[in-house]
Amino acid sequence: MDTPRNLGLLHEYRTYLRVEKGLRPLTCEAYDSDLKTFSEFLESRHGVLLTAAQQDVAAFLEHLRNHGIDSRSAARKLSCIRGFYKWLLLDRRIHHDPTVNIESPKAWKVLPKSLAESEVNAMLESAGQATDQATSRPQAHATRLRDRAILELLYAGGLRVSEVTTLSIADLNLDAGRVLVRGKGDKERIVPLGEKAVAALAAYLREGRPHLARMRAHARAADASRLFLSLRGMPLTRQSIWVMVKSASLGASPHTLRHSCATHMVEHGADLRSVQLLLGHADISTTQVYTHLALGRLKAVHRQHHPRGLRRDIEAEEVAPFLVKAPAKTKEPA
């Protein structure tokens, strides 16, 4: 069990993350949970957070590996621990960072799961057909329009599920085909939307949301402007969206649609910097997980345009049989 001193430190750090860094409550809870796990591990070795050494951090990562924790989760926990000790250094509570020279698990090698374009199209078309079939029942029609709009938004804009739940009507600018999104750390970005996403959102605002809004008799005034509402007229939760996406496609999740958005953009020639801006990644290194797709396109461009490219070599081989060869020189008699 954590000592009072460790708990006090963690409480201070959580306040710092929420107030000074502007992180959302759920993010702060995740960081707090990871640090408590590390703190409990240290106590099993008769250590505390303030006196942890490099060997303790390395042993913790080994402990995670031995207990079947995947590299992505271990990398996230290490990133959390790094941030914590960076804060302690800045606050001059410690003089040495125990995470220095600790290699992060190669989580970037684990490629995010995404759907094929045909699978996404089938999901969205199915949602559209379900919407058409539900026109005779107002409640069902309203929720189908809402769900279709959410699916289109997740795929068209690559939004996180938490970003979708916090959208308000004022964040939409359908005439310009864009939406204002507040991401991690309350950082704002403008996300463009395609025609189908704009059409689905317009239909929801016109025919779906008014019906759901009438159900919010006891809702708080602050919730009245939320874009996506439940059947009770309350703001839609993350869990509700997860269940809805799963029901639309068993192999999908909101995050799968986000990755599919980025994957399909890179496959069609988008550069990683543009994808980074769309997804709201603070660091380009996060977006570089899609580099394997960009490399495939780069090879194709190289084959097409470089003098030593494969396509040029193939063309030369195809033309060679039709070239008139110069007669071989005969040796003149002395």
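A pocket, as the word is used here, is an open set of grid points with protein on both sides within 12 Å along at least five of seven lines. The views below come from a predicted model.

**View 1. The second largest pocket and its lining.** Let's start with this pocket, which has a volume of about 420 Å³. It is lined by 17 residues, and L124, E152, Y155, A156 and K196 are the closest to its centre. Helices α5, α6, α8 and α10 each give at least two residues to the lining. Sorted by class, the lining residues are 8 nonpolar, 3 polar and 6 charged.

**View 2. The largest nonpolar core.** This core has 41 residues, and those touching the most other members are I150, L151, L201, Y204, F228, I241 and V245. Two or more residues come from each of α5 (117-133), α6 (138-157), α7 (161-165), β2 (178-182), α8 (195-213), α9 (238-248) and α10 (254-267). In soluble globular proteins, nonpolar side chains tend to be buried together.

**View 3. I150 and its contacts.** Which residues does I150 contact, leaving aside its neighbours within four places in sequence? They are V164, F228, L236, I241 and M244.

**View 4. The open sheet of three strands.** Here 3 strands are arranged in the order β1-β2-β3, with antiparallel pairing. The edges are taken by β1 (172-173) and β3 (188-192); each has a single partner strand, so one side of each is left without a neighbour in the sheet. Strands of a sheet pair through backbone hydrogen bonds, either parallel or antiparallel.

View 5. L172 sits opposite V179 in β2, while N173 faces R178 in β2 as its opposite residue. Between the two strands are 4 residues, and in the turn G177 has a positive phi of about 70°.

**View 6. The hairpin of β2 and β3.** These strands pair over 5 bridges, again in the antiparallel sense. Opposite R178 stands P192 in β3. The hairpin has 5 residues between its strands, and G185 takes a positive phi near 70°.

**View 7. The two faces of β2.** Which residues of β2 are on the covered face, and which on the uncovered one? V179 and V181 make up the covered face, whereas R178, L180 and R182 belong to the uncovered face. In a regular strand the side chains alternate between the two faces of the sheet.

Key
Residues numbered from 1 in each chain as written. Predicted model: local features only at pLDDT ≥ 70, side-chain atom pairs only at ≥ 80, totals over all residues. Heavy atoms only, no water. Core = buried A, V, L, I, M, F, W, Y, C linked by side-chain atoms within 4.5 Å. Buried < 20%, exposed > 50% of the residue type's maximum accessible area, 1.4 Å probe, protein only. Contact = heavy atoms within 4.5 Å. 1 Å grid on protein atoms, 1.4 Å probe; cavity = no way out; pocket = protein on both sides within 12 Å on 5 of 7 lines; lining within 4 Å. Points joined across faces, edges and corners; volume = space filled by probe spheres on them. Nonpolar A, V, L, I, M, F, W, Y, C, P; charged D, E, K, R; others polar. Pairing = 2+ DSSP bridges.
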